[in-house]
Amino acid sequence: MRTPTLADRAPAGSAAPAAPAAAPHPVTEPPAVTGDFTTDRAAVTAYLEAGVGRIADLGPRAERSVAAQRHAASAHEELHDLRRRFLAAHAERVYTELTDGLTRSLRVEDLTERASHAFPGLVPTREQLAEESRRLQRNKEGWEVAVGLFLQAVLSVPRTGDHLLRAMLRPTDRALTALTDFRVTGRADLGVATVTRRDGVATLELCNDEFLNAEDDCAVEALETGTDLVLLDPASHVGVLRGAPQTHPAYAGRRVFSAGINLTHLYHGDISLLGFMLRREAGYLAKFVRGLCLDDTHGDGWWPDADKPWVGAVDAFAIGGGMQILPVMDRVVAAEDAWFSLPAMEEGLVPGLANLRLLHLTGSRFSRRLILWGRKLRATDPEAALIVDETAPADAMDTAVERAAQHLDHPAVGANRRMLALAEEPADLFRRYLARYAYEQARLLHSPALIDTLERTWIDRRREEAA
């Protein structure tokens, strides 16, 4: 049976321009994946590149007719299917080439950019992603789904997945540049985050007070840089993660831990798969668990070279991504009036690795109540003891947090937390979860359900402001 092509699916009366006699993007049948890398590479990339061009010929998504939108969706699915088949056969070979035989450590954004040049059409180019970032979420083409497919394939192979995740545990260039000054002064201003060291305890504070410490790409970058500084600094023995005091009228002068993902920025298209979703999970959150990798040693389980215990200090609330952080903390101290929730599913997303990590803390049934039913949890609820180690009056939080940090400043803490991490979250389990997450989250980011939720939220917010 002949494989249907993009030409077969072009609807009558669509907004797509009629193909000229010498079409710049000729339509052919998708190539078979033979298993020969050289042959498949040439055929697949030629078809993918032409297919991407045909989608671009339909014009911006916001300006397409309904028929043209359906044609574009069918074209994307056809190209995704070809990408899957090619990567199923050759993901390890592709990654090996991009990393020069696994001798080069590339973060996900650098790896994707190199792949876009070496294998045209397999993933979007930097220019395509930059253009997407200037559009509202509802108007994006959805090129990030191809990125999710690519990273899923790479992470699914133990050899390449471990190598990539080890690269993500390296300290950032910004942290290495700021390290000397931090060692001398004990303070670093990272814009929306600060790090302050006192008596061996380094406090990393998120201070995105315009959005009640909601996270976006910029916040993730600052938090990862701050995490690196704490882990690299020999005078910092314990890290504390806390939200800074706010200037927002609703919480003026009060500390707030985290409002989760910045939905305003997500609506405007400013939350990215690479810079937020994957950098957050494989970057600073993974570094809380495993520490830093400082060399190219690729041993069993990629043991860290620099790791330290962490205290999470929850003031006011930990919503969404804020609550996702708590399972990776070694001690969670919460104000008695604090509360927690995981609204990611209601928003149309997966709450990071919470689906994996909460199982160890709360068990299957209660995890489902939190994730699937949006159960709101208060620090004083009996079930909160599964997530929170200690509560304190809001005005006694400083003392409680300092006491917890000093307790963790002990020579045997490092070895014990590493053994706990090995039992709770083996490297192979983490890699396999993140592989699936890369694709599922990419797909959800561009799903109709998420777009509808964002539109309703935006309309409701405008009504509240007008009232």
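**Notebook: salt bridges, a helix and a tryptophan**

I began with glutamate 205, which counts as buried because its relative accessibility is 16%; buried means under 20% relative accessible area, exposed over 50% and partly exposed in between, with a 1.4 Å probe and protein chains only. I noted that this is a predicted model, in which local features need pLDDT of at least 70 and side-chain atom pairs count only at pLDDT 80 or more, while totals for chains, interfaces and linings use all residues. Residues are numbered from 1 along each chain as its sequence is written, and side-chain values use heavy atoms, with hydrogens and water left out.

**Salt bridges**

I looked up the partner of glutamate 205 and found arginine 255, the two side chains meeting in a salt bridge at 2.7 Å, N to O (a side-chain nitrogen of Lys or Arg within 4 Å of a carboxyl oxygen of Asp or Glu). This pair links distant parts of the chain, since arginine 255 is in the loop between β4 and α10 (263–267) and glutamate 205 is in strand β3 (residues 201–206), 50 residues apart; helices (H or I, at least four residues) and strands (E, at least two) are DSSP runs, numbered from the N terminus. Arginine 255 is partly exposed, with a relative accessible area of 22%.

I then turned to arginine 197 and aspartate 233, whose side chains form a salt bridge at 2.8 Å, N to O. Arginine 197 lies in strand β2 (residues 193–198) and aspartate 233 in the loop between α9 and β4 (238–243), so the pair ties together parts 36 residues apart in sequence. Aspartate 233 is buried, at 2% relative accessibility. A search of the whole structure gave me 37 salt bridges.

**Helix α9**

I checked the length of helix α9 (residues 217–232): its 16 residues, at 1.5 Å a residue, should span 22 Å, and the end C-alpha atoms are 23 Å apart, which agrees; the expected span is 1.5 Å times one less than the number of residues. Of those 16 residues, 13 are buried, so I recorded the helix as mostly covered.

**Tryptophan 373**

Where does tryptophan 373 lie? I found it in the loop between α14 (354–371) and β9 (377–378), and at 70% relative accessibility tryptophan 373 counts as exposed. Not counting residues up to four places away in sequence, tryptophan 373 touches Glu346 and Arg368, where contact means heavy atoms within 4.5 Å. Tryptophan 373 and glutamate 346 are 27 residues apart in sequence, yet 8.6 Å apart in space, C-alpha to C-alpha.
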